[in-house]
Amino acid sequence: MEYIKATIPNHLDEEEEETTSFLFSSSHIPNNTQSKSSSFSSSSISMSSYDPDHNSSLPTVNGDSKSNQPIVIPETAHQISTDSWLQAGFVLTTGINSAYVLGYSGAIMLPLGWIPGVLGLLAATGISLYANSLVANLHEHGGRRHIRYRDLAGYIYGHSAYSLTWALQYINLFMINTGFIILAGSSIKAAYTLFSDAGTLKLPYCIIISGFVCGLFAIGIPHLSALRIWLGVSTSFGLIYILIAIALSLKDGINSPPRDYSTPDERGKVFTTVGAAANLVFAFNTGMLPEIQATVRKPVVENMMKALYFQFTVGVVPMYSIVFIGYWAYGNKTDPYLLNNVHGPVWLKALANICAFLQTVIALHIFASPMYEYLDTRFGITGSALNPKNLGFRVVIRGGYLAINTFVSAVLPFLGDFMSLTGAISTFPLTFILANHMYYRARKNKLSISMKIWLWINIIFFSCMALAAFFAALRLIAVDSKHYHLFADL
């Protein structure tokens, strides 16, 4: 590979005059900008996505998404710029309508009650759309596609932010995947108990089965864009368990006496309420928007905005329906897993649980894809997915990653607490704090005073919420750990 010496500015500020020279691959420079000379002037090159291997940023052509200059695409082992906005919209919708929705009636509505719960969900929808749109509009900032969240943060802030963002995102996705495996295991156990009272198949065993199936799926699907038809399958499974849960909840609600909707009056109610607020933001956000946007065809910003509008309009309807109807039907007796509440034909409840399990397997692959992309790119896994080397790599590396996820899921199967902790330590910082501050840093010379104030209000408010939610989640986990032993059969 040919490398070219370039002289570039040391930082993003346009007025910065100090420069640094280093080597970079000529493949990162569009053909029409390459010169026979090995030296480029700093006036024609600006910094772009962060490159941790060189503790610096890769150079790109000046400009952003509206520039006449070509947009530089960073190196990756996975496919990018191949998917329609609708496919990206279905990826996002699969995330918010995953089997997690079966727990929101108990995890959000039960601690908050009707008015705070409904207003909280509506507010979370609006602010999540707003925060995600900020990140989407920075995708081509600086003339280069930032296909990873950490690349964008590293470009704007530097090496420390790159590492911190990668750590937060890894924690976020690991915790989400842990929750998915718990959900899948709970679905298997719920289906099993419909046909047997023996209690032989305990939750830890179901979680191990779930982790194994998720591993098989991860080995078979090489990257996010390869999901394609599986997104349709996932949507079908999701609609089945959501419609069954809604129908049976409606039947139970109509035939039941008046329910009690009072919020639980217990010690630590403040912590429970704050934890529910963390669940609100967890419900709508992936923490991996740039990675999803990387798969979208040009124009990437406009198409990603279409996908976000799809997610937060059409995509939220099933979730709203099951959350509100589930709470209406069972009040403060709502179970953390709604299918445990419903009454109806055994075969219908079994079908809902099986569909929830299968949809969870597909949804987990979405949230694990940033880690897969990093590992595949780091070790140069390209070419045919059926290549023995590539197949063996996925078996060992992806299988090992999911084995760790499965072990944690079996040890601490407290689903609601995991949602709260994930919202506190990663979803709040990534989706709200970092999104607002990155937009402020990137566009501060073009923002009005009122817009700057608004962004700082968001930064301060969500920083306080993240801190409060973190302590609330830790307390909930500590309390549940006292009530249940490790590898508990919940």
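User: How do you know that the length of helix α1 (residues 85-96) agrees with its number of residues?

Analyst: This is a predicted model, in which local features need pLDDT of at least 70, side-chain atom pairs count only at pLDDT 80 or more, and totals for chains, interfaces and linings use all residues. Residues are numbered from 1 along each chain as its sequence is written, and side-chain values use heavy atoms, without hydrogens and water. Helices are DSSP runs of H or I with at least four residues, numbered from the N terminus. The expected span is 1.5 Å times one less than the number of residues. The twelve residues of α1 should therefore span 16 Å, and its end C-alpha atoms are 17 Å apart, which agrees.

User: What makes α1 largely enclosed by the rest of the structure?

Analyst: Buried means under 20% relative accessible area, with a 1.4 Å probe and protein chains only. Nine of the twelve residues of α1 are buried, so the helix is largely enclosed. Among them are Gln 87, Val 91 and Thr 94.

User: Why does Thr 94 count as buried?

Analyst: Its relative accessibility is 4%, so Thr 94 counts as buried. Beyond its neighbours within four places in sequence, Thr 94 is in contact (heavy atoms within 4.5 Å) with residues including Leu 231, Gln 359 and Ile 366.

User: Why is α2 called oblique to α11?

Analyst: Helix α2 (residues 101-112) and helix α11 (residues 316-330) pack at about 55°, with their axes 8 Å apart. Angles under 35 degrees count as roughly parallel, over 145 as roughly antiparallel, 65 to 115 as roughly perpendicular and the rest as oblique. Therefore α2 is oblique to α11.

Conventions
Axes fitted to C-alpha atoms, helices over the stretch in contact; angles between N-to-C directions. Helix = DSSP H or I, 4+ residues; strand = E, 2+ residues; numbered from the N terminus. Buried < 20%, exposed > 50% of the residue type's maximum accessible area, 1.4 Å probe, protein only.
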